[in-house]
Amino acid sequence: MFTGSVVALITPFKDDAVDFDTLDRLIEMHIAAGTDALVPCGTTGESPTLTHEEHDAVIAHVVKTARKRVPVLAGAGSNSTAEAIQISRHAEKSGADGILTVTPYYNKPTQEGIYRHFKAIAESVRLPVVLYNIPGRCVVNIALDTYQRLAKAKNIVGTKEAAGSTDLVSEIVATTPLVVLSGDDSMTLPFMSVGAKGVISVVANIVPKDVKAMVDAAAAGDFAKARKLNAKLYPLSKAMFVESNPTPVKCAMKMMGLSSDEVRLPLVTPARESEAKIRKALENYGLVR
């Protein structure tokens, strides 16, 4: 269910409120572009600064708008296990097709703590669960033996890997049944070359058709085509991380007329020099003039 080109949706804001009209337009854009699944309320969706009520409302809205035309993998992570369970249960009640849940941040749990955290979440719902390993933001890393233990849970089905290690991806693929999705656009092709099944993508917010084409080519074993598409996408993907995600992609979306660039503190809109780099990347790609 959760393979291919999966978009990490932004949460558009207007005057510090969720802009549901723009969110609807973005969902329709992705469905038309062939995006394989939607992820609301992840890092790109600014989940840390959504209120609990907004978080629940965005997930429910995306599920309702998608109308089962494309699966919804709801962001449901927290560094509090109890809170992650609460969010996950609401996502299930709202009709989401699965949940994406991140390693606990700031707490710095041991591997045993990470294992028990994810196990408790998985046992609290009937939905498929996709883990999210991003040590750059969360400090801790899911070790291979922890992955192997978690893979025994019947509804833990995959992981979004953003540790940047092809070795770890190779080992997960070789020793567990988990589906691996890249958590970094620039690592999608390397990870797919060793067995990953796609990406949860930031840059797909602005070029969904091209991300879909690259992932499909790699999945079909056409790596000549995939490399060509990756070479085109790579500079744009890197530009989306000149500052903390999602400020660059929201800036790009404003330049393209897709959304506002409004973010919530402590995030701020990109500095002038970063904005220039983003515009240049868009110009080089042919997205703006």
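1. R67 sits in the loop between helix 2 (52–66) and strand 5 (73–75). Helices (H or I, at least four residues) and strands (E, at least two) are DSSP runs, numbered from the N terminus. The phi of R67 is positive, about 50 degrees, although R67 is not a glycine. With a relative accessible area of 52%, R67 is exposed; exposed means over 50% relative accessible area, buried under 20%, and partly exposed in between (1.4 Å probe, protein chains only).

2. Some remarks on the source of these values. This is a predicted model, in which local features need pLDDT of at least 70 and side-chain atom pairs count only at pLDDT 80 or more, while totals for chains, interfaces and linings use all residues. Residues are numbered from 1 along each chain as its sequence is written, and side-chain values use heavy atoms, with hydrogens and water left out.

3. K108 also has a positive phi, of about 60 degrees, although K108 is not a glycine. The residue belongs to the loop between strand 6 (98–102) and helix 4 (111–124). K108 is exposed, at a relative accessible area of 56%. Most residues other than glycine have a negative phi, and most peptide bonds are trans.

4. The bond from N245 to P246 is cis, with omega near 10 degrees, and P246 lies in the loop between helix 10 and helix 11 (247–255). L265 and P266 are likewise joined by a cis peptide bond, with omega about 15 degrees; P266 is in the loop between helix 11 and helix 12 (272–285).

5. Strand 8 (residues 156–161) is largely enclosed by the rest of the structure, because five of its six residues are buried. Strand 8 pairs with strand 7 (residues 129–133) in the parallel sense, over five bridges; two strands pair if DSSP finds at least two bridges between them. I156 of strand 8 is the bridge partner of V129.

6. Strand 8 also runs parallel to strand 9 (residues 179–182), and four bridges join them. The bridge partner of K160 in strand 9 is L181. Together with helix 7 (residues 166–175), strands 8 and 9 make a right-handed β-α-β unit. Right-handed here means that, with the strands pointing away from the viewer, the path from the first strand over the helix to the second runs clockwise.

7. How do helix 1 and helix 9 cross, and at what angle? The axes of helix 1 (residues 20–33) and helix 9 (residues 208–219) come within 9 Å and cross at roughly 35 degrees. Axes are lines fitted to C-alpha atoms, for helices over the stretch in contact, and angles run from 0 to 180 degrees between N-to-C directions. M29, H30 and A33 of helix 1 and P208, K209 and K212 of helix 9 make the contact, where contact means heavy atoms within 4.5 Å. These residues divide into three nonpolar, one polar and two charged. Ala, Val, Leu, Ile, Met, Phe, Trp, Tyr, Cys and Pro count as nonpolar, Asp, Glu, Lys and Arg as charged, and the others, Gly among them, as polar.

8. S237 is in helix 10 (residues 223–239). At 5% relative accessibility, S237 is buried. Not counting residues up to four places away in sequence, S237 touches D185 and V203.

9. T81 is in helix 3 (residues 81–94) and counts as partly exposed, at 28% relative accessibility. Leaving aside neighbours within four places in sequence, T81 is in contact with H117 and A120.
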